[in-house]
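I opened my notebook to look through this structure piece by piece. My entries follow.

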Amino acid sequence: MALGGVPLPGPRAYPIVGNVLQLDPNSFINSLDKFVDQYGEAFRLVFPWGTTAIISTAALVHEVSDETRFKKPIIADLEQLRNGVPAGMFTTPTEEPVWGIAHRVLTPAFGPVPIQEMFFEMHELAAQLTMKWARHGPEQTIAVSEDFTRLALDTIALCSMDFRFNSYYHDELHPFITAMSNFLTESGNRSLKGNFLSSLFFWSSNKYFADIKTLRVIAQSVLDARRANPKGRKDLLSAMLEGVDRKTGEKLDDGAIIDNLITFLIAGHETTSGMLSFAFVMLLKNPETLKKARQEVDEVIGRGPITVEHMKKLPYVTAVLRETLRLCPTIPSYGVQALEDTVIGGKWAISKGQVILLFLARSHRDKAVYGETAEEFIPGRMLDENFERLSKEHPGFWKPFGNGQRGCIGRAFAWQEAMVIIAMLLQNFDFELTDPSYELRIKETLTTKPDGFEMKAKLRHGLTPTELERQLNGSFSEKSANSKSLHAKTTEKGTQLKPLNIYYGSNTGTCEALAQRLAMDAPSHGYTATIIDALDVAANKLPKDGTTPVACITASYEGEPPENATDFFNWVKALPDTSLLKGTSYAVFGCGHRDWANTFHKVPRLVYDTLEQKGATPICQLGLTDVAQGEMFTDFEQWEDDVFWPAIKAKYGSAVNEDRQEALELQFSTPRASTLRQDVKESVVLEEKTLTKEGGVPKKHLEVQLPDGMTYRAGDYLAVLPVNPKETVNRVMRKFCLAWDSHITVAGGVNSKKMALPAGLPVPVHEVLGSYVELLQPVTKRGIQTLSNFTSSAADKAALSALYTNPELYTSTVITPRLSLLDILDSYPSISLHFGTFLSLLPPIRVRQYSISSSPLASLSKATLTYTILSGQSLANPANLFAGVATSYLSALRQGDRLLVSVRQSHSSFHYPSDTETPVMMIAAGAGIAPFHGFIQERAALASQGKKIGKALLFFGCRHPDWDDLYRTELDKWEDDGFVEVVRAYSRHQNKREYVGDIILSNRDEVKGLWNKGARVYVCGSRAVGDGVKSAVGKAVLGDEASEAEIAKWFEGVRNVRYAVDVFD
């Protein structure tokens, strides 16, 4: 034997038929299972075409997945499939040129961006199925596999080739489905019998080739329809018709196109429908799992529209599909072939050319990987963190999509399609088995599906089918509104403005405000912002015409892109070559915080460098600001004035006079009206109360009723659109001698379009000042420079000039005391400023984010905030009082008041663990307890549902037990009930100053013990708290002798994995 190995064991083989007669004709899987039990992890079977080795453990699957030793052969069932599709990607040997051409041409069509763009069509067809089940009513028996087969066929046909089978509008299955099923079944039978024996069965052989003809006629009709009606659509079919192989310069011929159309129609729906069917069997046979999956859908999506962004936020549903494919792989086995004589498993001899069948239906249940629960349906083991661990420890543990270069090219397509329909069905239906005693039976062709599985579906939430249809049809009513593209503009003098696209990546609103600032400034330089939108919108859509410059303004959050720039960031990094962005000209301005030294400006730098690497041309040097300095608006304006606009004019020219700041054209009137803006919705205050007593810094608790369809997870933020303090608004009104009931109409010119101001209708002045602009933001250098043009005093002009030209003086005089535009006007009465110019110098008001201090498990429609009221003497002018814009606004709200809010997701690592038994350590000071109040509330709710919860330890720092020991009564009860253990540090009690870092070190043994048991650490508080806690936890885990450098290295290894931080200043 080759290389000294021993022969494989196996049953006795008979002449001609080999072991075929020993196989169960109804279940190849059951037959192999019995042989595994009899002969072990590796054995051989003899078929008419030769001997095949069968392996059934994860370790052996991993070994034979080495493409330097083994390749995928086209034999047995795949060889028979070549009777119908000789040049399909799944049936053509790798070494044949047509396979390489097809693979290179078609792979981009299944890339992340094209898949996301297919979401809306996937949603449409999922809605068709949903409406069918809704209209049939709760007593209708659903043939699950049949309906999912219709769905999957319609989806792959519409998304990949813009062809509608309209399966739900016919009682009978489409002829393609019937012919395909027959073709697959008979191909499997012929692979067992061999060509000679198959030819003796005349009727089945004739039927087999008639079915092949049906498939090819339908595929030809799809091709002919596209050629007769070309639409400029970019999909799989257009890739096959128009794609040119970069390596050979060749295109696919019509035969190969027909073969691959059939291949993808088969593969793109047969396995997906099986996966969905098996998933619902598993969910209905495991009610607790179904409950968890539905709960996740309710928490993430609620009753609102399902969007493509939601697909990435359903980790438990993802785990359900992974676990389903583990226990029920729709392709239960596939083959490889040895390239040379070899030995596998350190024991068995394999000759060159030997075929090896990877029996996934058994290797996926390997007890060496999954232990004694290998046969059980436990999605929790397939959550991301454990899934990644298993893939490292047992690389062959999960192979439902094949392996390597011959792996499933449409995996991302199938996954998104499955996620869409599962989310939609769980969102809208309750399910039950038609036969409660049903036990899974598997129907085998070349793929597998549940046999005889039926269920019933009842609409949730008291919806009627008509209401559901309205809800589903309205899901994308805002699609066009999400695109903020504007038409070309002209100035009042008729000058044609040049186009400029502006994109921002922003979690907190700062970069969005900078983008709006740039858009407002553009007309004075001869440009108009034709697009102002999130960076994700720019993915795969950057202009390449050479005439439209692009400005990207983005932040970096602990080295990660903002939530609305993640897709763009990933898209840019994934672009395959250096010429795809040729013709794109761009500029980048980045925000960052110096305290995150290792990731300072990481994202803006990567965007700037990567765009250039992919063929785009930088217009000017990268602009950067450190938000820790508080001068981001000034830094941005300086970059605008000194770098960006000069470079733009040098490259594209300009046609307007830029000598003086242009005042907004205003008309005053008296009718009262108001208008709302930003991505916020109206909510209602349910309760407000003060948490602190005399002596403590005031802290309050606010409970709100969320708008319909707005959902959150514990640990998320609630963004609040505030109103400026009334006294600040009054200062402005007095300064410009405006009556309280004065109204203004902002003319709808170019400048006003770029500001967040209501244009073209009368609005109260106090509404504009209170709701639309930042009045207390430190004035920028450009703002001071503009003011200097409006003073009649030479001395004041000189003083103002010194402020905007001397950086040290500007920092000490403006930034440190937070000197606002209004403060400057008060300090320099010689300035005579038009009110329109004053408005034009103010940035738009931003939302403020606060950690939500509740859990949706307590109430899906309610959320609470815990916040500190910021107030005191103004540093700019001690005669004035300073009040935090948002906290003063919130503190004035009472029960029944309305406010505008939106939920913003926190970092993915700052959520309660999906595995509820994971230990957690929560560390907070002051109002930083907010998210952990929500976490503990969630633990209490989970425990009340009978869930097991791991140990939770809360380290909480406050000043005094009688002043600000927040939520003491609730925490004591939760502690008595065993939901949490609380350790407190008081910094103003009994002449003792103790902080959270001190009590962590005092409890170092317990901290280290929990860490060693896999605990997750969460920290919320000021940056100083975050730094002190990092050092204390590092010493507790690594030992007191650990250096700061060692702690820093350890922290970088666990940050956002097991150690999540949410810090604020």
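**Parallel sheet.** I began with an open sheet of 5 strands, in the order S32-S31-S30-S33-S34, with parallel pairing. I noted the terms: helices (H or I, at least four residues) and strands (E, at least two) are DSSP runs, numbered from the N terminus. Two strands pair if DSSP finds at least two bridges between them. Which strands stand at the edges? Strand S32 (981–986) and strand S34 (1059–1064) do; each has a single partner strand, so one side of each is left without a neighbour in the sheet. On average, neighbouring strands of this sheet are turned by 10° against each other, direction ignored. For angles, axes are lines fitted to C-alpha atoms, for helices over the stretch in contact, and the values run from 0 to 180 degrees between N-to-C directions.

**Ground rules.** This is a predicted model: local features need pLDDT of at least 70, side-chain atom pairs count only at pLDDT 80 or more, and totals for chains, interfaces and linings use all residues. Residues are numbered from 1 along each chain as its sequence is written, and side-chain values use heavy atoms, with hydrogens and water left out.

I looked up strand S30 (residues 920–925) and strand S31 (residues 952–958). They run parallel and are joined by 6 bridges. Met 921 has Leu 953 in S31 as its bridge partner. Helix H35 (residues 968–976) lies across S31 and S32. H35 runs at about 145° to S32. Contact means heavy atoms within 4.5 Å.

**Antiparallel sheet.** Next I found an open sheet of 3 strands, in the order S4-S12-S9, with antiparallel pairing. Its edge strands are strand S4 (142–143) and strand S9 (429–433), and each pairs on one side only. S9 and strand S12 (residues 454–459) are joined by 5 bridges. Asp 430 stands opposite Lys 458 in S12. Helix H11 (residues 254–285) packs on the sheet and touches S9 and S12. The direction of H11 makes about 85° with that of S9. H17 also lies across S9 and S12, at about 95° to S9.

**Cores.** I then searched for nonpolar cores. Such a core is a set of buried Ala, Val, Leu, Ile, Met, Phe, Trp, Tyr and Cys residues joined through side-chain atoms within 4.5 Å. Buried means under 20% relative accessible area, exposed over 50%, and partly exposed in between (1.4 Å probe, protein chains only). How many residues has the largest nonpolar core? It has 73, and those with the most contacts inside it include Trp 133, Phe 280 and Ile 422. Helix H17 (residues 411–428) gives the largest share of this core, 10 residues. Phe 280 touches Phe 148, Ile 422, Leu 425, Phe 431, Phe 453 and Met 455, not counting residues up to four places away in sequence. Another core, of 52 residues, lies apart from it; Ile 74, Trp 99, Phe 183 and Leu 446 are among them.

**Rings.** I counted aromatic pairs over the whole structure and got 41. Rings of Phe, Tyr and Trp (its six-membered ring) pair if their centres lie within 6.5 Å; planes under 30 degrees apart count as stacked, over 60 as edge-to-face and the rest as tilted. Why is the pair of Phe 119 and Phe 120 edge-to-face? Their ring centres are 5.7 Å apart and their planes are at 80°, so the pair takes that label. Phe 119 is buried, with a relative accessible area of 1%, whereas Phe 120 is partly exposed, at 33%. Ring pairs also link Tyr 527, Phe 589, Phe 636, Trp 639, Phe 644 and Trp 645 into a cluster.

**Charges over rings.** A charge sits over a ring if NZ of Lys or CZ of Arg is within 6 Å of the ring centre and within 35 degrees of the ring normal. Arg 322 lies over the face of Phe 387, at 4.1 Å from the ring centre. The charged end of Arg 1058 sits over the ring of Trp 1011, 3.8 Å from its centre.

My last stop was strand S23 (residues 743–746). His 743 and Thr 745 point one way, Ile 744 and Val 746 the other, and all are buried. S23 pairs with strand S24 (residues 762–764) in the antiparallel sense, over 3 bridges. Thr 745 has Pro 762 in S24 as its bridge partner.
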